[in-house]
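This report goes through a few parts of a structure in turn. Please keep the sequence and the 3D view at hand while reading.

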Amino acid sequence: MHRTFGIALSLLLLAIGSAAAQPQEKFKLGTFEIDGESRIGIVLRDRTVVELNAANRELERRPEVAELPMPKDMRELAGLYHMGYDRRIYQIVNHLVGSTLLEGANRRGYVHELSQVRTLAPIRPRKILNAAGNYYGHVGESGTPEEQRKEAEERRKNRGMAYLFLKPPSSIIANGEDIVIPRGRDKIDWECEIGVVIGQPAKNVVASQAKNHIFGFTIELDMSDRGGRGEDPPRFGGSDWLIGKGHDTFAPLGPFIVPAEFIENPMNLKQTLTVNGKLMQDGNSSDMIHNIYELIEYGSSVLTLEAGDVVAGGSPAGTGMSRSVRPEQIFLKAGDKIVATIEGIGTMTHDVKGETGTAGGPTSSPHE
Amino acid sequence: MKKRIPGATVAALLMAGGALAIQTAPALPSLSEPFKLGTFEIDGEPTLGIVLRDRIVVELAAANRELERKPHYAKLPMPEDMKSLAGLYHMGYNRRIYQIVNHVVGQGLLDAGKRSYVHGVEEVTTLPPIDPGKILNAAGNYYGHVGEMNTPEEQRKEAEERRRDRGMAYLFLKPPSVVIANGEDIVIPKGRDKIDWECELAVIIGEPAKYVSAANAKNHIFGYTIELDMSDRGGRGEAEPRSDWLIGKGHDTFAPLGPWVVPAELVKDPMNLKQTLTINGKLMQDSHSSDMIHNVYELIEYGSSILTLETGDVIAAGSPAGTGMSRSVRPEQIFLKPGDKIVATIEGIGVMTHDVKAESAAPSGPTSSR
């Protein structure tokens, strides 16, 4: 055996064996369409996608690496990540980086440019739970600046209990896909939110323990229809979360998931959203009324949070309905472009389209 | 290169007046007896089963394999779960299930010991029939239920108003993770003391639906089942009461679903079914699906005008009169307590039986600590 090769090999073995507790560089995890199938990919440097399953198979060919069956989708991985799969992914990353398999002559067939594959929604959660009225700058922002300040002050004096509502998983779209304004609806609004992806299932978990149940972080745009039910008098106090939040395409999710260990402090992240280049939301997660750990405590005190469930932390100030940030309300129209960024998590880009070829608005026509 | 279309075919198409003159698939074979479809734990695996006479379970995949060994049955891979079957049923899988039923009945294979894929329903564990992607429940959708927490006169007035103007339907989401099977315990969350019952007719979506009119909604229904829309009337305990569906409807175990699914073609008129619910043998709900304000087809129109109803989604049509919070049916409100037994029946669909238990070893009530 060639001497330098032998040294290189022993160094590599060392790297795989011992350094598995630490990845050589940070990564994100995503879901991609490759060869017509949806596959989990490790995203490196925000531009390279490594197929998890294929990369793992190559690693498993080494006698010192145990066989570990890879999960079929991100929801499974969310539940498995802290059960040893994090270590295996670290091993894969270290192997690829250490052996320079990402670029040049050694580049593997399972390594793709991000631009060459189709990005899908990173996860298909069974439940999406969104916090309502959870930023001091957002509560009451449809009122005047003074009214908004007053409401925020009241919440600072007494935060009260958190509030979560369900958003249907069928409304999820991937980064880059079009947001569709339903026909007949003219008050469509944006909300740039931090999405927490649950790892280990949580029931009656206190805030101080909640960290152990977080798999990672992503972005959820909680697209909103402020048009309401149009009833007089309003039933259920005029509240209708399904119409307000549930239209198809109203939950852009992604672009990827950042494993929790790579986010130093999720409660101190800049969140911005622009519409046609104009800055509309310019917030920080530190403005949350109930932080993400408290939201997990709250949610898990009502029901079981399962692996892969998404809990979104609520919207910062600057939504379209705001009258405290801007003098006039602005809602989305076909042709608009939304760019939303959360520091350290990623950027979502979406075109807004009108709906084609259908009837308009929620209906339940009389048929008798 | 394009394939040339033979002139004769083109002429035939033109003669058909624009519509394709194709021979549609033959009608479904006659069925030797009605059946239901369920999910069961058999040999430790969730397994699709055909339920006959409400007491015999025939494993779908195993029975199909036996049939496929005969040369005149094409191979048809069986779906792995009810959600897949919901989408495939009207794409030819109904025909195969009819063939299986006719085969096992006709050959006398249901008798004890004849086939290893035939079980007594009490010998296997009944699981929830389906794991839906979404559960959408109608609120305030029976004339007898609207305003029933008020006096009888107030209830009558509200029902009358709704008869004059039905208004728009209302749907809310219930989390799929709270589904339990027939026979499993309903758990009262600690610190919550206003837990209530609602016996509801549930529709399971087959072909996905978006902007489907009530007139066409039937084509998107795979089948019917029972959903108990267990409810927490305790609210958020805030000075200013706010609507909160998650607390009101979303606790674990709050969506008993089943016992099985009755394929839509075997329910003659879903809008004419008796619905009853008893607590400890006492009749609490005694109503009829004909009391619905928006019928199941209109609910599909409404839901599909907001979002896509996907294969396997469940739409529950709302509760009839007689919930525990009613003051119009009974003078005093009654809520559930540990030890209660609920039996809910919908005519032609089935019977759900549940014991009510207290939650053990958990802190109480919704919290978000400082």
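B:Q285 sits in strand β16 (residues 282-288) of chain B; strands here are DSSP runs of E with at least two residues, helices are runs of H or I with at least four, and both are numbered from the N terminus. The model is predicted, so local features need pLDDT of at least 70 and side-chain atom pairs pLDDT 80 or more, while totals for chains, interfaces and linings use all residues; side-chain values use heavy atoms, without hydrogens and water. Residues are numbered from 1 along each chain as its sequence is written, and chains are lettered from A in the order in which they are written.

B:Q285 has a relative accessible area of 0% and is buried (under 20%; exposed is over 50% and partly exposed in between, with a 1.4 Å probe and protein chains only). Its side chain makes a polar contact of 3.0 Å with the side chain of B:S319. A polar contact is a pair of N or O atoms within 3.5 Å; within protein, one must be able to donate a hydrogen and the other to accept it, and residues adjacent in sequence count only if both atoms are side-chain atoms. A polar atom of the B:Q285 side chain also lies 3.2 Å from the backbone oxygen of B:A321. Leaving out residues up to four places away in sequence, the residues that B:Q285 touches (heavy atoms within 4.5 Å) include B:W197, B:C199, B:L277 and B:P320.

## Helix α4 of chain B

Helix α4 of chain B covers residues 93-106. Its 14 residues reach 19 Å from first C-alpha to last, close to the 20 Å expected (1.5 Å times one less than the number of residues).

Among its buried residues are B:Y93, B:I97, B:I100 and B:V104. The buried residues of α4(B) pack against β1 (35-42), β2 (45-52), β3 (56-59), α2 (60-68) and α3 (82-88) of chain B. After α4(B) comes B:G108, with a positive phi near 65 degrees.

## Where the chains meet

In chain A, 52 residues are in contact with 53 residues of chain B. There are five salt bridges between chain A and chain B (a side-chain nitrogen of Lys or Arg within 4 Å of a carboxyl oxygen of Asp or Glu). B:K210 forms a salt bridge with A:E355, with the closest N and O atoms 3.7 Å apart.

Across the interface of chain A and chain B, 20 residue pairs are in polar contact, both residues being at pLDDT 80 or more. β7 (164-167), α6 (241-245) and α7 (292-302) of chain A each give two or more residues to the side that touches chain B. Of these, α7(A) gives the most, with five residues.
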